[in-house]
Protein chains: 2
Amino acid sequence: MFRQSTDKRVAVFVAEGLEEIEGLTVVDLLFRAGIPCDTVSIVEDHGVTSSHQVRITCDRSIYDEGFSFDDYDMLVLPGGMPGTLNLGACEPLCGALKRFAAEGRQVAAICAAPTVLAKLGILEGRRATCFPGMEDALVEHGAKLTAGAVVVDGNVTTSRGMGTAIDFGLRIVGHYLGEEPARALAAKIVYRA
Amino acid sequence: MFRQSTDKRVAVFVAEGLEEIEGLTVVDLLFRAGIPCDTVSIVEDHGVTSSHQVRITCDRSIYDEGFSFDDYDMLVLPGGMPGTLNLGACEPLCGALKRFAAEGRQVAAICAAPTVLAKLGILEGRRATCFPGMEDALVEHGAKLTAGAVVVDGNVTTSRGMGTAIDFGLRIVGHYLGEEPARALAAKIVYRA
C-alpha cells in the first residue's frame, strides 16, 4: 500500500534499452517510502523493452496530452545501452534537464547516464561519478571525478551502476525524508545487513 | 547482447503483487551471464502488476500452449505481497516445485517466498533463510534457520529480501558458471565496490 509522505513527485525516464534494475529500484524504494514517482516513456508508446529484454509499461509518456516536466520535483535517468544514448538524443528531455539544473532543481543519473548530464554541461565544475570506464566523458566536460557509490553536488546526484542502484534510490529517499527514514528502509529491505 | 553460456534454462515466476526487483534482478544478472531465463506468468494474462505498481509483460504463461515446467532447469520464486500468496495458491506451480525438489532439481526463493517452499514440505531438515519476521513459518515446517544473505542446501537456494536480490542472482550465476564468473559479474556491475 502506498502511504504518501510528500507532495513532491519524481520522474524516472524510460528509454528503449534502459538498464531496468537501475530505473525500477528507484521506483520500488520511492513507493515504499511514500514518495510519488512515475515511470515516463520518452517515446509516444508507453511500452518499452529494457537492455535485458524485460518489457515494462510506463505510467506516462512525455508526449501524453497534459504532460509537463514541471509536474516533477526531480528528473532521474537510469543507465543501460542503448537506453542512455536514447535519453541523450531526446531533445525535450535534454532541454528540461538543462533548465532544471540551471534553476537549482533536482537532477539525478546512474551508470552511463551521467554522461548525458556531462554533455549538456551540467557537471561542469561539479563533483560526480559514473560507470567505470566512462569517466573520460565526465572529465572532458569539466566534472570533478569523485569516489563513492553515490555522489551529491548541490542539486545533482550521480551513481555508478546496477550494483549501486539501491544506494542511489536510498539517497533520493534521504533527500526527501532525511537520513533516518532512509536508513530504516535499508534495514527493512535487508540491505548490507 | 545475449551470449548464451549454457543450455540450461531458468524460470522466474511472476504473480500479481510480486516484488519486481527480486524477480527482475535475477532476470538481469542471468541475461548478463548468458544464462537463458524466462519470466513466466502464473495466470493466462502475460501482463502483471507488481506490488509497487510496475507493469511488466512476461515472456510466457504457465497456461500457454506447449508450456512445460520441464523446459526449465531451475524454478525461481520472487517475494512480495500479495505475490507470494498468489504463488502459494497456484496448484500447477506448487506441484512442479514439490516434484523438482524431490527429484534433486533446482528450486530457489527469496524474501517471503521461502514460506511457499516451507509449506510444501521442501525445507524440512534443510538450512534456509527468508524475510526477517517470517522465520516462524520456516521453523514450523522443519527448516534449520541459517544466517546469511543467501543460503544453499543441496538443490534449494533461499535468500532474504530486496536488499539481497543481487547476492541471490549472483549465487544462481555461480551455480551455472562457477564462482569466478559470478565475482567478475559483481565487479562489472559495481556491486559492493
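This is a dialogue about how two chains meet in a predicted model and about some features within the chains.

Student: What should I keep in mind about the numbering and the values?

Tutor: Residues are numbered from 1 along each chain as its sequence is written, and chains are lettered from A and ligands numbered from 1 in the order in which they are written. Because the model is predicted, local features need pLDDT of at least 70 and side-chain atom pairs count only at pLDDT 80 or more, while totals for chains, interfaces and linings use all residues; side-chain values use heavy atoms, with hydrogens and water left out.

Student: How do you know which residues belong to the contact between chain B and chain A?

Tutor: Contact means heavy atoms within 4.5 Å, and by that rule chain B gives 32 residues and chain A gives 32 residues. Of the interface residues of chain B, 100% are also interface residues in chain A, so the copies meet through the same surface.

Student: What makes the salt bridge of Asp71(A) and Arg60(A) a link between distant parts of the chain?

Tutor: Their side chains meet at 3.0 Å, N to O. Asp71(A) is in the loop between S5 and S6 of chain A, whereas Arg60(A) is in strand S5 of chain A, and the two are eleven residues apart. Strands here are DSSP runs (E, at least two residues), as helices are (H or I, at least four), both numbered from the N terminus.

Student: What makes S4 of chain A and S4(B) a strand pair?

Tutor: Two strands pair if DSSP finds at least two bridges between them. Strand S4 (residues 55–57) of chain A and S4(B) have three bridges, in the antiparallel sense, and therefore they count as paired. Within this pairing, Arg55(A) stands opposite Thr57(B).

Student: In which sense do S6 and S7 of chain A pair?

Tutor: Strand S6 (residues 74–77) and strand S7 (residues 106–110) of chain A pair in the parallel sense over four bridges; Leu77(A) has Ala109(A) as its bridge partner in S7(A). Both strands belong to an open sheet of seven strands in chain A, in the order S5-S2-S1-S6-S7-S11-S10, with mixed pairing. Strand S5 (60–61) and strand S10 (150–153) of chain A are called edge strands because each pairs on one side only.

Student: How do you know what relation holds between chain B and chain A?

Tutor: Copies are superposed by least squares on the C-alpha atoms of residues with pLDDT of at least 70 in both. A rotation of 180 degrees with 0.0 Å of shift along its axis superposes chain B on chain A, with an RMSD of 0.0 Å. That is the relation of a two-fold axis. Among the residues of chain B, Ile56(B) comes closest to the rotation axis, at 2.2 Å (C-alpha).

Student: What is omega at the cis peptide bond that joins Met81(A) and Pro82(A)?

Tutor: Omega is about 5 degrees at that bond, and Pro82(A) lies in the loop between S6 and helix H2 (83–88) of chain A. A cis peptide bond also joins Met81(B) and Pro82(B), where omega is about 5 degrees.

Note on methods. A salt bridge is a side-chain nitrogen of Lys or Arg within 4 Å of a carboxyl oxygen of Asp or Glu.
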